[in-house]
Each structure stands twice: as structure tokens, then as C-alpha cells.
Amino acid sequence: MYDIEKYYQAVDVDDAVRALSKDPEAVVISGGSDVLIKIREGKLAGCSLVSIHGIKELEGIRVEEDGTIAIGPATTFSHITNNKIIQELIPILGDAVDMAGGPQLRNIGTVGGNVCNGVTSADSASSLCCLDAILVLKGPKGMREVPISQWYTGPGRTVREHEEVLVSIRIKKENYEGYGGHYIKYGKRGAMEIATLGCAVTVKLTEDKKQIADLRLAYGVAAPTPIRCRETEQSVIGMEIGEALAEKVGKGALTEVNPRSSWRASKEFRLQLVEELGKRALRQAVINAGGEWDA
Ligand SMILES: Cc1cc2nc3c(=O)[nH]c(=O)nc-3n(C[C@H](O)[C@H](O)[C@H](O)COP(=O)(O)OP(=O)(O)OC[C@H]3O[C@@H](n4cnc5c(N)ncnc54)[C@H](O)[C@@H]3O)c2cc1C
């Protein structure tokens with residue numbers, strides 16, 4: 001049984017913002033795969049819900065005239081993975097969300113819910129960090145844009161205000177064009193498992209495909225929030241592709257992360273994963289960017 005005080009189905013985004021403004025305790029529900037679990041566990045028992053499920057303006061993926069990819073936050077994981085735009089332009093995101101839960105979860109869980117829950121283990125988060133996603137919020141005062149680098153404020157916390165609805169996840173052309181990417185999730189089992197560690201790398205190579213022109217390295221569960229390893233990224237620009245590069249990425253990441261011990265894994269094991277997954281994701285990202293690893 002679910003202990004829910006009130007349930008309001010919003011007809012559009014403005015209606016949802018109004019409903020949230022009227023009730024300071026109300027909680028947005030989209031796919032419900034986080035919210036309903038919390039209600040059943042008692043953490044949100046007796047809450048009021050404002051549903052954005054079924055609001056068409058929050059669903060779907062399109063490419064705008066300037067090449068920006070606009071993702072509706074209420075788009076489910078399975079729609080993201082199967083979408084042609086995602087497959088052609090940012091396959092790393094489709095692959096990442098295809099590793100969440102099992103098929104039923106991926107048919108109901110949304111990318112917006114995955115970002116708004118603020119958790120470090122969210123499978124979309126590290127790829128969206130590499131893609132420098134911009135999160136667009138709508139509230140009573142209008143719209144505002146938040147770069148994902150400024151989104152997370154702590155474990156399970158974001159800058160989103162209570163009455164704001166995430167209305168779009170935007171990825172600019174300059175952040176995906178010419179890049180290859182790869183996401184690796186390490187979990188204790190293959191499916192229905194939250195990440196013990198997640199690592200995403202996107203890389204752009206020089207024209208001859210021999211050196212790093214740009215590299216982005218992001219982790220989930222390596223710190224209280226998803227993080228980018230910016231010093232490591234800067235330190236490898238111009239490096240030749242090869243094992244020295246992989247070593248520098250793996251070792252560099254270790255100096256920037258701050259994982260904790262939990263029942264899933266010790267801090268020491270997570271540090272080992274940080275180094276190893278960083279190298280492995282890098283190798284595949286280089287290949288996906290058109291490079292040869294043994295060159
Ligand atoms: C069995 C199971 C397995 C799971 N496995 C994984 C996994 O492997 N990887 C993973 O990353 N996650 C996993 N999850 C967590 C969850 O499915 C995801 O986080 C999912 O993306 C949540 O999306 P949702 O639409 O269901 O969110 P909801 O539960 O509807 O909402 C989640 C949070 O986001 C807020 N919210 C949602 N949409 C908006 C919006 N547009 N604007 C403002 N606030 C919003 C809600 O208020 C709530 O705080 C799992 C969950 C379950 C139940």
C-alpha cells in the first residue's frame with residue numbers, strides 16, 4: 001500500500017508549477033520509480049504528489065537548428081536508448097541508461113528523474129557531465145538554465161527549487177560533435193543493480209587521430225556527487241594515444257576523487273575501480289572517436 005495524502009495530475013508545465021507553488025510539501029512524480037519506493041519505505045509516507053507523467057511537452061528528443069540536442073526530461077530510459085538522434089549523435093547516453101535496472105524499470109524511469117534525484121550513482125549522470133549538459137528549469141519566475149557542473153549541491157541534493165520543474169536537458173553541438181565516448185558501470189551483478197562505480201569518458205582526437213585534442217572524464221559514486229576530473233583532463237591534452245596516456249588518466253583521476261566505503265564496496269576497492277575503469281573507458285572512447293589504441 002502507498003501512503004499518499006493527495007495526488008494531482010498536472011495538465012501542463014505551468015499547471016505543475018502552480019500546484020507546487022501552492023503546496024510547499026508536494027513532491028513531483030514523473031515515472032515514480034524513485035518516489036514510489038520512498039513512499040513505500042516510509043521516507044515520503046503521507047506526501048502529496050504533483051504528477052508530470054504524460055505531459056507531452058516534457059517528452060521526446062529533437063535537434064535544434066544550431067545542432068543543440070534537446071531532451072525532454074520525461075523521456076524514459078528505453079526511449080532514449082532507442083532514439084535515432086541519441087544513437088547517431090550521443091550514443092554514450094543511450095548506452096549508459098540502458099544499464100539501469102531491468103527492462104520494466106527502463107520503460108518507466110525517466111532521464112529527468114535520474115538527474116533530479118541528485119544521486120551520485122545515477123547512470124545518466126557521468127555521461128551528461130562529460131557532455132556538459134545544461135538543465136533548464138521552469139518556475140513561477142520563469143526559466144533558468146543551470147550547467148550540470150553547478151547542479152549537484154550534495155548527496156541527493158540539487159539547486160532545483162521546490163516549485164521548479166526540469167523542462168529540458170540540452171547538449172550543445174560543440175560538446176558532442178567530433179567526440180567519441182564510452183560509459184562503464186561496475187555493479188555487483190549484471191542487472192537490477194545500482195552502480196558501485198560508474199565512469200564516462202568522451203574524447204576528441206587531433207585530425208590525424210594520434211593525439212588528444214580534448215578529453216572529459218567523469219565518475220559516479222567516486223564522490224558524494226557525480227564529478228568531472230578537470231585537472232586530469234587538462235593534463236593530457238596533446239598527449240599521444242597509448243599506455244602512457246592511460247596511466248596518466250588512471251593515476252590522475254585518483255588525485256581528484258573522494259569515494260567512501262559502503263556495504264557495496266570499500267573505499268579502497270572503489271579507488272581501484274576509478275583507475276581501472278578510467279583507463280578502460282578511455283581506450284574504448286578513443287576507438288569510438290576513430291583512433292587506434294595500439295597506434
Ligand atoms: C528496481 C529499481 C532499480 C533501479 N536501478 C537503477 C539503476 O540501475 N541506475 C539508476 O541510475 N537508477 C536506478 N533506479 C532509480 C530510478 O529508476 C531512476 O533514478 C529513474 O531515472 C527515476 O526516474 P523516474 O521518472 O521514475 O523518477 P521519479 O521517481 O518520478 O522522480 C525522481 C525524483 O526526481 C524528481 N523529478 C522527476 N522528474 C522531475 C522533473 N521533470 N522536474 C523536477 N523534478 C523531477 C522527483 O520529485 C523525485 O525527487 C532504480 C530504481 C528501481 C526501483
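**View 1. The β6–β7 hairpin in the predicted model.** Two residues form the link of the hairpin between strands β6 and β7. The strands, β6 and β7 (residues 142-147), run antiparallel and are joined by six bridges. Gly 139 is placed opposite Gly 142 of β7.

**View 2. Pairing of β6 with β10.** Strand β10 (residues 165-171) pairs with β6 in the antiparallel sense, and five bridges connect them.

**View 3. Burial of strand β6.** Strand β6 spans residues 134-139, and five of these six residues are buried, so the strand is largely enclosed by the rest of the structure.

**View 4. The largest nonpolar core.** This core has 34 residues. Ile 71, Ile 90, Leu 128, Ile 169 and Ile 171 have the most contacts inside it. The elements that contribute two or more residues to the core are the strands β5 (69-71), β6 and β10, together with the helices α3 (77-82), α5 (91-97), α7 (111-116) and α8 (125-130). Another core, of 30 residues, lies apart from this one; its members include Ala 246, Ala 253, Val 274 and Ala 281.

**View 5. Surroundings of Ile 169.** Which residues are in contact with Ile 169, leaving aside its neighbours within four places in sequence? They are Ile 69, Ala 70, Ile 71, Pro 73, Val 111, Gly 112, Val 115, Leu 128, Ala 133, Ile 134 and Leu 135. Among the core residues with the most contacts are Ile 169 itself and two of these partners, Ile 71 and Leu 128.

Definitions and conventions. Residues numbered from 1 in each chain as written. Predicted model: local features only at pLDDT ≥ 70, side-chain atom pairs only at ≥ 80, totals over all residues. Heavy atoms only, no water. Buried < 20%, exposed > 50% of the residue type's maximum accessible area, 1.4 Å probe, protein only. Helix = DSSP H or I, 4+ residues; strand = E, 2+ residues; numbered from the N terminus. Pairing = 2+ DSSP bridges. Core = buried A, V, L, I, M, F, W, Y, C linked by side-chain atoms within 4.5 Å. Contact = heavy atoms within 4.5 Å.
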